[in-house]
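This report describes a strand arrangement and the nonpolar cores of one protein model. Please look at the sequence and the structure before reading on.

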Amino acid sequence: MEFRVLGPLEVVADGAPRSVGAGRQRAVLAALLLHPNRVVSIVELIDMVWGESAPRSAAVNLRTHVAGLRRVLAPEGEHRMVARGGGYLISVQPGEVDLSCFEDLVAQGRHAQQAGEHVVAVQRFETALSLWRGQPFDNVELHGAAVAEAARLTEIRLSLTAEHLGARLAAGDGAVVEELRGLVVTYPLQEPLWALLMRALYRTGRQVDALAAYDQARDRLAEDLGIDAGTELRTLRQQILTSDPALLDEGGQDRVEITASGSPSPSIAPGRPLSSFLGREAELRTLTLLLDERRLVTVVGPAGVGKTRLVVEYLTGRASWLVRLADVGQEAVVSQAVADAVGLIEVAGDPRQTLVRALAAQHGLLVLDNCEHLTDAVAELVAALLTGCPQLRILTTSREPLNIDGETTLPVAPLPTETGVALLIDRVRTIRPSWTPTPGELRHATRVCEALDGLPLAIELAAARARVLGLDEIAEVLADRFAALAPVPRGSLTPHATLHEAIAWSIEPLSTADRALLLRLWPFEGGFSLTAAQAVGTCDPGAVFTSLSSLISRSVIMADTTTTPTRYRMLETIRAYLRSTDPEPAATCGAHAAWVRAFAAECVAELGSRHSGRAVAALQHEWPNLRAGINHDLAHQPVAALRTAGLLDWFWARSGHITESRNLLGAALRAATGASTVDRARALTAVAGLAQHAGHEAQGRRHSDEAFAVIGDRVDDEHQTLRGRALYYRALARLHTGEINEARAAAEEAITIGQQVPSDWFLLGARMTLGAALAAQGHLRSGEEILAEAVRLARQSDMYWFAGWSELELGRSLLRHATTEDQVSNAADTVQRAIACFQREAAVDRLVIAMHVCVDILLRTGQPTDAATLQAAILNHADQLGMRRDSVVRAGSGSHETELAKALTPTQRMAAEAHGASLSWTDMTELAAAASPDDHTCAP
């Protein structure tokens, strides 16, 4: 089967033409053939087939046209036209598309030309040009990026025509002169054509005519464009005037060498783009300072972050040689490409050495843009230029450093959310000039920028969708960002047509090992540690570290070394790309979920030990991953999800993830119908404790009763341990609801069990609860002695969470019967020690309750305004944690409505509460500390 696009669109099967339909159906086929064997997103297809006039039904119509094309291509249609990853793909074999054949022949011809095989080059170029039957896609109505691609192909055809004539000239064919005269009439502003004509005239003995051709070219350029003839034409004219022997070299046009005396001078870079430059002022200042002092600066950063735009902004008004390497596909031709870009069009011998000689005495700035796919070749060239050209400075942009001695790197990070929002608003206003965002639209703009990682390219493509969607709708469709975002507009600095292509540019060139590791890392939410990467990797830990280092250097993964251990993460856009291209997503997610299960079990084993604070901190770091792993298991291994969720109740309560964790536990209990009694009882105990923490006593009681029913009369250690924990939770809940007798009975039974089973943390907690219950019943001496002993044992074992809770209950008891200033001060000191322990352990639920006790202390020490402020702050944070206000008040120091009403006027009370509602955690803890002037720590 043949697909012909270099002229009217045609499909030929077994030598006979096939009718591909009319109108949009032809356009769909043409758009897919522009990118054969590649998924073209639905958004891209709609842009190319309908353009801005696309109807709402475009996606439905597209499916209809694809179905029609499958019938046309039958019997191979089903596997030729494939729906995949939010788009469609047409599968073709080598030689089936005339455009691909054309490109292969052009590459072969250019290789032969560079090797001096001019006759072979002529043959290849002639064969390539013979494939053209007219204008590309001549009988198809195209729009958007497809129109630009058709125009590009036409320009390539013209360029190849000139190359073909040059090869013929190099092969000794003087008949090209007349053909060239016709071409310069048709394309009078194409300097390479004029240069070729001048060489042809000189080579055929017409020196005067060659100089006259230069005058004609100079006059047309001045008249039509207002510019002087370029370096190539001026140098060529000088060679003709001096009868340079190199012009008659049988090696042909590519054998002419420009000597140092003919070196090009830097030129003023193109003006800045029409769009405004936002958010990179600091980087621009830094770049300016660096290039004043350093000879080699590399601007590094991920795809779409704005490296090229930053450099172009710096170059505005400055002279430089600007070389764009995005379209250079082979390392072997890097030096030649740079030579072409700086004006050394005709190079003899080694292009690198020619460049060094040409620029040796030059004082200027060479800019090499988009080096990441040619790093080794660019590094070798740059090293040679820096050594041989002492006055030359070099600025490069890449996704990784060149790793040359003396290189200075300037990292460009994604924009912070606030700056990203400003950029989004600015770009939307180019489409809707009178638009002013409402508060709601600003919130949606923030969602968009956060979802797009602050990448300027992605933000600008999202803004382009504001022609047809509101910001709220744009935010909603970003789950499939590659299909949702607009194609890159004409004139953009990025060399890529879409965001998908920009990301692929970073991922596809990676080594097999680096790519394999990267595909294992995309399920991680909120980042990951080195040990996590090594756990999910498919090779040994040393190889994982090597690949991770490589990915960091290539700006695919970012490292936050300010945390311990170092935290790694990848942009959400890269995660989305990997998710859509992973050949084994189920296995990848399964490996991540297995790591979550192992990590959770390892941390939970430390929660009741002296390392509980470290375990809580580690779990807090990985909370997004815990959530993702449990949700994965809910769908695929619900028993495993129930086991992990049941293990984490203490972490959830201490870190404040109460509401979400209750939902996860409830879902797991419903899904894991085949779970063991141990897993089910543990989960029911956990959900009971969390419900009680949140102040939902009725639900807590119900789940607690269910846990005891599941445990039944089993007496093995595992079930007895679960019974002891359930009793401890019951005792604690009854203590907070004022059911002191029930709390005491449950605590005593838990202590009995704790003395019979292997050591477990609930024994210490039960002793603390018993002491608090006795003190509440009026047995002050025995209750406070038990609490003091619990403090001592907890500190001795470095279990500061229990130390803090015991201190809190002791402080509450001391405060209840305090009648003197010294007694209140003693109670306040005890509560502050409790707060210090909870802060050390990051136990936010206990902190809220402990600080509420400080409200009572502030009232007793004559600070009612601070008391009202602190209480408002506490209740506001309780809302955020999913804790009921009345439960916090009851577990803290009780209601203080009467005291506050007596001490403050309604206006004073209202002002204090308004202030309290705005306090941060830090502000709140500082205000609570004001209840006691002494400094308190959690040291033993």
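A nonpolar core is a set of buried Ala, Val, Leu, Ile, Met, Phe, Trp, Tyr and Cys residues joined through side-chain atoms within 4.5 Å; buried means under 20% relative accessible area, with a 1.4 Å probe and protein chains only. The model is predicted, so local features need pLDDT of at least 70 and side-chain atom pairs count only at pLDDT 80 or more, while totals for chains, interfaces and linings use all residues. Residues are numbered from 1 along each chain as its sequence is written, and side-chain values use heavy atoms, leaving out hydrogens and water.

**Cores**

The largest nonpolar core has 190 residues, and Leu395, Leu521, Trp652 and Tyr728 have the most contacts inside it. Helix α41 (residues 844-860) gives the most to this core, with 12 residues; helices (H or I, at least four residues) and strands (E, at least two) are DSSP runs numbered from the N terminus. A second, separate core of 50 residues includes Trp50, Leu105, Leu142 and Ala150. In soluble globular proteins, nonpolar side chains tend to be buried together.

**Strand β6**

Strand β6 (residues 87-90) is covered on both faces: Gly87 and Leu89 are buried on one side, Tyr88 and Ile90 on the other. Two strands pair if DSSP finds at least two bridges between them.

β5 and β6 form a hairpin with 2 residues between them, and Gly85 in the turn has a positive phi of about 55°.
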